[in-house]
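My entries follow in the order in which I looked things up.

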Amino acid sequence: MAESTPQNWRAADDYLARTLVGRDPALEAALAAQQEAGMPEIEVAPVAGKLLSLLVRISGAKRVLEIGTLGGYSTIWMARAVGVDGRVTTIEAEAGNAAVARASIDAAGVGERVDIRIGRAADVLPTLVGGFDLVFIDADKESNTVYLDWAAKLGHPGTVIVLDNIGRSGDIIDADSTDSMVVGTRDALRMLGEDPRFDATALQTVGMKGWDGFALATVI
Ligand code: DHB
Ligand code: MG
């Protein structure tokens, strides 16, 4: 049996991506543009991008909200999944990132479905009209509880919420951590467990992004 090592997690994730996701010129171009622009390579893995698109399709989501656009990689996955009559609103704090994402999303042929709002999510969220069917939270981890609160307010019973990066290489078990991203993630997980507006679980992942995970919730 192969050893459970980060190298083998990556190789297995690569195998799954090759087998189930395949080559995708528009998504690969989006990643190249993101790298060219000097953005961090912290987009979701290909198998996770496909999971987002499947969650959109399985839930029948037509209005999707994304918090944290980065280079538009996950945005393209979800914009494809909502179909021609669907819409994705995505919030990006950095105008430079948003410009790169805009070009990649347009080049992928889904530009008409995507509304990029530039600004701090905490400022943009109160300006949005509710009714979102799926919310993907993938921004500054310190604000996760604020974003969950807005996801509940801007959603409806049955809204799907995906919260990225809940594993943080196992650091989430450290109740004494002073890492603000760990504290923000632990606060979010506690909220998902205790707040009666949510029903939630979380899964750890290993793969090309290392050891991490995501929380999956619905609005009650
Ligand atoms: C970080 C943020 C992410 O959204 C991600 O997917 C991986 C890492 C980070 O800020 O460390
Ligand atoms: Mg992330």
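**Core**

I began with Val-162 and listed its contacts, leaving aside neighbours within four places in sequence: Leu-52, Leu-55, Val-135, Phe-136, Ile-137, Phe-214, Ala-215 and Leu-216. I note here that the model is predicted.

Next I looked up the nonpolar core to which Val-162 belongs. This is the largest one, with 28 residues. Val-162 is among the residues with the most contacts inside this core, together with Val-56, Val-64, Met-78, Val-88, Ile-105 and Leu-134. I then checked which elements supply this core: α2 (25-36), α3, α4, α5 (95-107), β3, β4 and β5 each give at least two residues. Helix α4 gives the most, with seven residues. Apart from this core I found another, of 27 residues, which includes Leu-65, Leu-128, Leu-148 and Ile-166.

**Sheet**

I traced the strand order next. The sheet is open and has seven strands in the order β3-β2-β1-β4-β5-β7-β6, and its pairing is mixed. The edges are held by β3 (114-118) and β6 (198-207); each has a single partner strand, so one side of each is left without a neighbour in the sheet. Direction ignored, neighbouring strands are turned by 15° against each other on average.

I took one strand pair in detail. Strands β1 (residues 63-67) and β2 (residues 87-92) run parallel and are joined by five bridges. I looked up Leu-65, and its bridge partner in β2 is Thr-89.

**Helices on the sheet**

I checked two helices against the strands. Helix α3 (residues 46-59) lies across β1, β4, β5 and β7 (210-219), and I noted an angle of about 160° to β4. Helix α4 (residues 73-82) lies across β1, β2, β3 and β4, at about 165° to β2.

Asp-138 lies in the loop between β4 (134-137) and α7 (144-154), whereas Asp-164 is in strand β5 (residues 160-164), so the pair ties together parts that are 26 residues apart in sequence.

Key: Residues numbered from 1 in each chain as written. Chains lettered and ligands numbered in written order. Predicted model: local features only at pLDDT ≥ 70, side-chain atom pairs only at ≥ 80, totals over all residues. Heavy atoms only, no water. Helix = DSSP H or I, 4+ residues; strand = E, 2+ residues; numbered from the N terminus. Pairing = 2+ DSSP bridges. Axes fitted to C-alpha atoms, helices over the stretch in contact; angles between N-to-C directions. Contact = heavy atoms within 4.5 Å. Core = buried A, V, L, I, M, F, W, Y, C linked by side-chain atoms within 4.5 Å. Buried < 20%, exposed > 50% of the residue type's maximum accessible area, 1.4 Å probe, protein only.
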